[in-house]
Amino acid sequence: MGRPSKPLILVARVGRRPPGLPEDGSGYEYEFADDPELIRQILPRAEILFAWNFTHSTWFRDMFHEAKCLRWVHTAGVGVEPLLSSEVVSSEVMITNSGGVYERPMAEYAVMLMLQMAKDSVRTWQDQQVHKWNKRSTTSLDRRVVLIVGAGPIGRAIARLSRAFGMIPLGVARSQREGDDDFDFIYASRELLDVLGRADYVVLVAPLTIATAGVFGREALDRMKPSARLLNLGRGGLVDEAALFEALAKERIAGAALDVFQEEPLPPAHPFWQLPNAIISPHMSGDVEDTAERFVGSFLENLHLWIAGKPLHYVVDKTLGFRPGGVMTVANADAKRGNQRA
């Protein structure tokens, strides 16, 4: 079957054109779908999928066997675990994410949370509501150690911004690295338990994979200093939530700031809401007023490269479940598909 004269880009799950997506698709046709049945109708004809708003959905995995013409998926986000199944991983469909969109906003959010906890600003606001004058001393971020679990682009942005406040950024990644521009030192993931006792703040921004699921459990929490705080801005599945609740309720650690959870939205009856030493936010650490436009810009940048047959940016290694770096060219993707497109 030959290539369609006007290849189709399916934008899903969204019912209308996202802001910044041009009417003229440089020779491509756009279709928009939010309803699963409409997606199922369009997907078999789509060459490119711009995956929007799919964080907690399995629709792509469930329908992938129907994506007969699909060559490339670009995600409006960074995490790709909802896209991945054994069938997807073994296929020749390329996946790219919207790298570069979340780095600065999430770095600002992480530092804001650490400042909130250091300066006890939640209690100050609570005292204000009851007109209570509660003068007291707080702590500083200067010379505090922040251990960032996940030394990718977002982790690096957090390290750079925390350094501006005088903090000492340490990283945890798949392999140990010295002489890094952003971190004082990067430890291998197998050393996590050994280094946790050094940290005043632990920030989780690792991708959720088989290797990282539940990595922050009871043993990791027990290795933290009683004065330390945990921030989870990565994925809820990185943390054993029952163990974290117990550690916070018994004040084995000083506090936590949680932006992601295993179940989202967090149910109103969830016990996390009642913890006085926890800051809860609704998965918003990377979202700013023009995030949607940034997603579109990331996609269009890659679309121009795709049309020109050049290497794409932010290519995900499907076997790892995240983007370690590197690019894949359209020519390489075509060669791998072989006779499937003949």
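Reply: What follows sets computed values against definitions, term by term. This is a predicted model, in which local features need pLDDT of at least 70 and side-chain atom pairs count only at pLDDT 80 or more, while totals for chains, interfaces and linings use all residues. Residues are numbered from 1 along each chain as its sequence is written, and side-chain values use heavy atoms, with hydrogens and water left out.

Me: Why is D200 called buried?
Reply: Buried means under 20% relative accessible area, exposed over 50%, and partly exposed in between (1.4 Å probe, protein chains only). D200 has a relative accessible area of 11%, and is therefore buried. D200 is found in the loop between α7 (192–195) and β9; helices (H or I, at least four residues) and strands (E, at least two) are DSSP runs, numbered from the N terminus.

Me: What makes a polar contact of the pair formed by the side chains of D200 and K225?
Reply: A polar contact is a pair of N or O atoms within 3.5 Å; within protein, one must be able to donate a hydrogen and the other to accept it, and residues adjacent in sequence count only if both atoms are side-chain atoms. The side chains of D200 and K225 meet this at 2.8 Å. The side chain of D200 also reaches the backbone nitrogen of V145, at 2.8 Å.

Me: How do you know that β9 pairs with β6?
Reply: Two strands pair if DSSP finds at least two bridges between them. Four bridges join β6 to β9, and the two run parallel. V146 stands opposite Y201 in β9. β9 also pairs in the parallel sense with β10 (residues 229–232), over four bridges, and L204 stands opposite N232 in β10.

Me: How do you know that both faces of β9 are covered?
Reply: Y201 and V203 on one side and V202 and L204 on the other are all buried.

Me: What makes a nonpolar core, and which residues have the most contacts inside the largest one?
Reply: The term denotes a set of buried Ala, Val, Leu, Ile, Met, Phe, Trp, Tyr and Cys residues joined through side-chain atoms within 4.5 Å. The largest has 53 residues, and Y30, M114, Y201 and F299 have the most contacts inside it. α4 gives the most to this core, with nine residues.

Me: How is the span of α10 judged?
Reply: The expected span of a helix is 1.5 Å times one less than its number of residues. α10 has 18 residues and reaches 26 Å from its first C-alpha to its last, close to the 26 Å expected.
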